Amino acid sequence: GLLRAEESRRMSIPSMGRDEKDFRAPFAPSGRFEGLSIEHLELFNAEDRFWSQYRRDGDAEAFGANWAGFLRASIFPTLTGALDGGIADPRATQFVDRLEAGVAEHLRGAPEQMTIPLAKLVLVKKGG
């Protein structure tokens, strides 16, 4: 099979948005951890640049291709780790090519703005 026997047949990359409480938790209850404290914390949604471009030019083909290319570079290598041979599996390139094409096709057919939650965190270290 394509996946390692001990792995499920479903691939996923677990992720979740964090709120301010989640970022501050390691510093509780004193507000410090190993001499570090939070000086500034800002939660925000980043601009979906691919969506902004799509709104300007209406090019659904480019929208799908741009998101699929971004995911290929940022997320798909992690998914190849679930192949029988891991990232060195000889089918890894074909797998990623097909996944990229499928994502591009899906997004091209139904473009929508993506939510991109980010945090800006400034830590200060006190003491020596």
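Where is the place of P29? P29 sits in the loop between α1 (20-24) and β1. Helices (H or I, at least four residues) and strands (E, at least two) are DSSP runs, numbered from the N terminus.

**Notes for every view.** This is a predicted model, in which local features need pLDDT of at least 70, side-chain atom pairs count only at pLDDT 80 or more, and totals for chains, interfaces and linings use all residues. Residues are numbered from 1 along each chain as its sequence is written, and side-chain values use heavy atoms, with hydrogens and water left out.

**Figure 1. The protein chain has five helices and two strands.** Along the sequence, the pattern is α-β-α-α-α-α-β. The chain holds 128 residues, and 22% of them are buried. Buried means under 20% relative accessible area, exposed over 50%, partly exposed in between (1.4 Å probe, protein chains only). The average pLDDT, the predictor's confidence in each residue from 0 to 100, is 88 for the protein chain. A score of at least 70 is reached by 88% of the residues. Over residues 1-9 the pLDDT is below 50. Beyond near neighbours in sequence, this stretch has 21 contacts in the model (heavy atoms within 4.5 Å). Where pLDDT is low, the predicted coordinates should not be read in detail.

**Figure 2. The loop between α1 and β1 holds P29 and E34.** The peptide bond from A28 to P29 is cis, with omega near 0°. E34 has a positive phi, near 50°, and is not a glycine. Most residues other than glycine have a negative phi, and most peptide bonds are trans. E34 is exposed, because its relative accessible area is 61%.

**Figure 3. D48 caps the N-terminal end of helix α2.** A side-chain oxygen of D48 lies 3.1 Å from the backbone nitrogen of F50. Helix α2 spans residues 49-57, and its buried residues are F50, W51 and S52. These buried residues pack against α3 (60-74). G58 follows α2 and has a positive phi, near 70°.

**Figure 4. A62 belongs to helix α3.** A62 counts as partly exposed because its relative accessibility is 25%. A62 and R108 are 46 residues apart in sequence. In space, their C-alpha atoms are 7.8 Å apart.

**Figure 5. D89 lies in the loop between α4 and α5.** Is D89 buried or exposed? D89 is buried, because its relative accessible area is 6%. A polar atom of the D89 side chain lies 3.0 Å from the backbone nitrogen of G85. Leaving aside neighbours within four places in sequence, D89 is in contact with L83 and D84.

**Figure 6. The largest pocket is lined by 26 residues.** A pocket is found on a 1 Å grid over the protein atoms alone: an open set of points where a 1.4 Å probe fits, with protein on both sides within 12 Å along at least five of seven lines; lining residues have an atom within 4 Å of a point. W67, F70, T115, I116 and P117 lie nearest the centre of the largest pocket. β1 (36-46), α2, α3, α5 (92-109) and β2 (116-125) each supply at least two lining residues.

Terms used: A polar contact is a pair of N or O atoms within 3.5 Å; within protein, one must be able to donate a hydrogen and the other to accept it, and residues adjacent in sequence count only if both atoms are side-chain atoms.
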